[in-house]
Amino acid sequence: MIAYILRRVLYIVPISLAVSLVCFMLVHIAPGDPIDAMVQPDTPKEVIDRVRAEYGLDQPLPVQFGLWLLKVVQGDFGTSLIKGRPVLPDLISASGATFVLACTGGLLGFVTGCVFGGIAGVYRDSWIDRVLLAVAVAGVSVPHYWLGMVLVIIFSVNLNMLPAMGAGPGGSAVSIFDWEHIRYLILPSITLAVIPAGIVTRTVRGLVSDIMSQDYITTLRGKGLRRHGIVGHVVRNAAPTTLAVIGLQLANLMGGSILVETVFAWPGTGMMLNTAIFQRDIPVLQATTLVLALFFVVLNLLVDLVQTSIDPRISRR
Amino acid sequence: MPFEPTRRGVLQGLSSTLMMATAAMPIASRPARAAGKTLRIAISLSDIPNLWAVPTGGFEGARFGGYTLFDPLVSWDMSSADKPSGLVPGLAESWSVDPDNQKRWIFKLREATFHDGSPWNADAAIWNFEGYLNRDAPHFHPGRAGMAGARTQSIAGYGKIDDMTIYLETKYLNSLLPFELSTLFFASPARHAEVGNWENFAVNPSGTGPYAFVSLTPGSELRLKAYESYWNPQRVPRTPELVLMPVPDANTRVAALRSGQVDLVDTLPPDSIPSLEAAGFTIIENTYPHSWIWRLNFTEDSPFSDIRVRKAANLAIDRDAIVEFLGGHATAAKAFAQPGSPWYGKPAFEFRYDPEAAKALLAEAGYGPDKPVELTIVISSSGGGQMVPLSMNEVIQSYMREVGINVTFDVRDFGTMITMLRQGAKESGADALNVAMTMQEPATGVVSFTSVLAPPAGGNWGFYNNPAFDEALAAARATFDPAALDAAMSKVMEVVTDDAAALVVVHDTNPRALSPKLKGFVQAKNWYQDFTPIEVTD
């Protein structure tokens, strides 16, 4: 097991490298120039050429990538071309904001999805199943930004119950968990939770209804096991696949939802990445992509390990 | 053996979670809340502009990250909503041109202090110019120099005359230098020495502006406080605190205003205005030197190389209808300069709606129903000063079709379009590029029509080459008397209007929405605004 974990940890290195390389190439293939985004449109060409040279952007692309990589392994993620601030503190701050939002939205979505999916699976083809399935399909289909705006109109503008935007009063940290801060989390969390809730509902429903039709469930019933005892078996058998889906969804949420973060002006990685893309802010783009790739890899590893711990049929060697 | 979570593992996980969440703390420690009222403004930028005295984010960046914390040598009069906003003394209390050498300017500096208490004087001014122009200076930064490059391009030299006097030398006769200096801001050398570099300065800035830095939370807010020792007592802020919040989504900005999270919304979407007015919010707007235009391709391959096609395009569109489409929150263009501008001039050709005249001009140029003009136009989906580009361009497209001009759009993101603007029409192959233009600072506006600025040298995207324009601009640059300069700039504007050198559609009025609690705001006819007179009442 330890060897497996070590091997998976070592995989992080080539995966991160590959993601960074692909991102670097995409940024340079896409039209647009970071220096053009940085300077005034009427800046003379000689000034632009000089700035490009000073930032090393006139170097061949392999050299630029190599220099960036060399700095990253030394813990230097560079300085934002546009903001003039070191990338790392902003990235840590944005990751923290997204982490809090993703965990809250994820928890809400996964719990709702598991409960709805479980009930729908147990009562398959009943009216309860159809209602919950309709809710799940609506959850997957409804556009994030539309739902976010509707919630803001109802709860912020009309009822004046919850803040319309931001991550905390007075731009304060999202890490404080008093009511004043939790108020800011509610609407974006609900908005973010809707899609994972729908996906998990459908997954769990399928799994539960499939398991409920297995011979061993009939055997358990025949042996006189009561419903809550059967549920325990169903949960244990449905858990590995559900966990895999939840892991992927959580990784998606960790990547930051550009739309939800934009609608709620939530200062997370989604908004940071979105801004960096439009401004061609290469150091921010590279660093953010790398961190998001690490999120995915680490979360997948954790999901694999948890799956192993709850399902002895899965072996990790 | 299956993996089993241990208590230690769980605790370590929680610890990491806590560290991650704690990382989202503001850069500077949170201040105690001021006892008085706080003015909160939602800005449309996606983040707080760079605070190292050369703000990013274009004119909006300068409005909020420049004029709040810093001052230029020459500033703008932002005190009136009625008269044109002209240049006024900033950190220079006066300036003059050396009568023996008109490339040499003398600036008398005023008494002022930076927010950190260090003095503003000739040494501080020269230190700043060194930072912009001298690559060997220890505090030279390529990013800052690049961002300020458009403002410093005509400066050949600088120096100290005495403690409160400096001189600047220009590369050519340039009476427009004061306009170029109006967004060149000055940072505190003492603060830079204290923090060691510009990256640290950007998170702990010090200038001479009416507001001093308190804290910055990336992506969330910039908190400033009134600078009580500001050199201009008339502009000491009426509110003790100013909070700027970046909210890029227009609907979110409006919702934040309506829910009471902010007091003033900048860059307001026109369709939200009726409901805001009905809800009791104050809407303030004003004309300012902004022109929503198509920059045209003058190379031989483009139909716009023919002045008859350029004039026909300008006669084909009903600007009043477009203003109505915008809810009345714009001014129909009649010339390059906006009505009321001292540079409006007396152009012979007026931008008006006359489809029959447009058809006649197209017929004269060899086009007709069997041979329509085919145009490809690069437009953006959004961007600074672009208003609502997709809808506006679709309206224009329908008007053009009626006179025999078929328009195809090439939609790009704003960043890509700015790159295309620099590359020039020959590379993009388009017939026009829809990028709004300022008429406030000639160097960032109409000067780009100069033939010597054709790509790759500068921003003359369409390779416009009109000797009459070059001569008029050279004459204006050699005119140092302010009244005569207005007349000379009027001539420059007349030339481009008469030559239909762009498709000029409307001038934005930039409506802003204010909470009923706000008093005292005056929206000047300017890209920049003064927020210091605003009071927040109960």
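Chain A of this predicted model splits into two domains. Domain 1 covers residues 2–73, and domain 2 covers 87–310. The C-alpha centres of domain 1 and domain 2 of chain A are 31 Å apart.

The two domains touch. Domain 1 of chain A puts 14 residues into the contact, and domain 2 of chain A puts in 12. Look at the domain 1 side. Two elements of chain A each supply two or more residues there: helix 1 (2–29) and helix 2 (34–38). Helix 1 of chain A gives the most, with 9 residues. By class, this side of domain 1 of chain A holds 9 nonpolar residues, 3 polar and 2 charged.

Now turn to the contact between the chains. Here 62 residues of chain B meet 68 residues of chain A. Start with the helices of chain B.

Which element of chain B gives the largest share of the side that touches chain A? That is helix 15 of chain B, with 7 residues. The class count for the side of chain B that touches chain A is 30 nonpolar, 22 polar and 10 charged residues.

Key. Residues numbered from 1 in each chain as written. Chains lettered and ligands numbered in written order. Predicted model: local features only at pLDDT ≥ 70, side-chain atom pairs only at ≥ 80, totals over all residues. Domains from an automatic or database assignment. Contact = placed C-beta atoms within 7 Å. Helix = DSSP H or I, 4+ residues; strand = E, 2+ residues; numbered from the N terminus. Nonpolar A, V, L, I, M, F, W, Y, C, P; charged D, E, K, R; others polar.
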